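Subject: Structure handover

Hello,

Here is the structure I promised to pass on. Please open it alongside this email.

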Amino acid sequence: MTPRRVVLAGGSGFLGQCFAKELLAAGREVDILTRSPGANVLGRAVAWDGLTVGGWGRVLEGAAAVVNFTGKSVNCRYTPSNRREILESRLGSVEALGRALSKCTTPPPVCVQAASLAIYGNPGATLCDETAPPGSGFSVEVCRRWEEAFNNCEVPSTRKVLLRIGFVLGAGGGALAPLARLARFGLGGRAGSGHQYISWLHIADLNRLLLWAIESDDAVGTYNATGPAPVTNAEFMATLRRAVGRPWSPPVPAWMVKVGAWAMRTEPELVLTGRRCIPRRLIAQGFKFTYPGLDAALGDILK
């Protein structure tokens, strides 16, 4: 890429910082658009509010790419105020970036938007590729409006790529660390029925996928950003137990998941629902996964 500067909106979180580390190691410059510019982040922190166009818009000029990770974490109780912030943080950042890009004299040639596989709802064992219909419920509605806002951005000089990201596995952050701790303490049994699917992706493959989306002119439109081998919750937890040396843990019934979610101020649907997704478009375009199997992925991360 020339120039070699990449802008990461909302890049102070786990995914953004993992990608920033990858970019910096490759000798590229990174600007982080963040609401906490005083925080210690990899890259150059630039203040923005995620809603309005301000002086931060200048960092888009001449950049090689912009990647938008912005959005309030869904790991919370879905109170009215949290629901509003979950939706507004996503729509506001997309619309603000769209307006800023439209004002650029030399806009980035590509904009990558991080989205979610949650758009498919809770379809059970149904296999979902990028053509599968949306599900129903609050999370689906958020995803639907999120993607609609991105697709409606009029930025004719900028190629647009939308990645529906699955359950990302990585060290030092994300949702894997607490699950691994539970498994080590003998609490890594299947949750609920254990039949709900987890569509997972190693962080190294997500970083490679983000680079591919930035650098490949053939990358355009919507992709399922997940590995090729989704597994059930029961299969995932059994593999995780093997990785941490715990041969067995008692199952966790749905009612106990709900009690635990209430105590942790989060939603039980994050554990008790799932989706079986495959990256059909990525495979068709020749993308190769370094970690296509869960055993090798967890072995690498938890070694």
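This is a predicted model: local features need pLDDT of at least 70, side-chain atom pairs count only at pLDDT 80 or more; totals for chains, interfaces and linings use all residues.

Start with the open sheet. Seven strands form it, in the order E3-E2-E1-E4-E5-E7-E11. Their pairing is parallel. The edges are strand E3 (44–47) and strand E11 (221–225), and each of these pairs on one side only. From one strand to the next, the twist averages 20°.

Two of the pairings can be followed residue by residue. Strand E1 (residues 5–9) runs parallel to E4, and four bridges join them. Look for Val7: its bridge partner in E4 is Val66. On to the next pair: strand E4 (residues 65–68) and E5 are parallel too, over three bridges. Here Asn68 has Gln113 of E5 as its bridge partner.

**Strand E5**

E5 covers residues 110–116 and is mostly covered: seven of its seven residues are buried. In a regular strand, side chains alternate between the two faces of the sheet. In E5, Val110, Val112, Ala114 and Ser116 point one way. Cys111, Gln113 and Ala115 point the other way. Both sets are buried.

**Helix H2 and its neighbours**

H2 packs on the sheet. The strands it touches are E1, strand E2 (29–34), E4 and E5. The direction of H2 makes about 165° with that of E4.

H2 also has a helix partner. Helix H2 (residues 80–102) packs with helix H3 (residues 138–151) at an angle of about 15°, their axes 9 Å apart. Because of that angle, H2 is roughly parallel to H3. The crossing of H2 past H3 is right-handed.

Which residues make the contact? From H2 they are Arg83, Ile86, Leu87, Arg90, Leu91, Val94 and Glu95. From H3 they are Phe138, Val142, Arg145, Trp146, Ala149 and Phe150. By class, this contact has nine nonpolar residues, four charged and no polar ones.

**Glu267**

One last stop. Glu267 sits in the loop between helix H7 (254–263) and helix H8 (269–272). Is Glu267 buried or exposed? Its relative accessibility is 15%, so Glu267 counts as buried; the cut-off for buried is under 20%. Leaving aside residues up to four places away in sequence, Glu267 touches Cys76, Arg77, Tyr78 and Ala261.

Best wishes

Conventions
Residues are numbered from 1 along each chain as its sequence is written. Side-chain values use heavy atoms; hydrogens and water are left out. Axes are lines fitted to C-alpha atoms, for helices over the stretch in contact, and angles run from 0 to 180 degrees between N-to-C directions. Helices (H or I, at least four residues) and strands (E, at least two) are DSSP runs, numbered from the N terminus. Angles under 35 degrees count as roughly parallel, over 145 as roughly antiparallel, 65 to 115 as roughly perpendicular and the rest as oblique. A crossing is left-handed if the near helix is turned anticlockwise from the far one by less than a right angle, and right-handed if clockwise. Contact means heavy atoms within 4.5 Å. Ala, Val, Leu, Ile, Met, Phe, Trp, Tyr, Cys and Pro count as nonpolar, Asp, Glu, Lys and Arg as charged, and the others, Gly among them, as polar. Buried means under 20% relative accessible area, exposed over 50%, partly exposed in between (1.4 Å probe, protein chains only). Two strands pair if DSSP finds at least two bridges between them.
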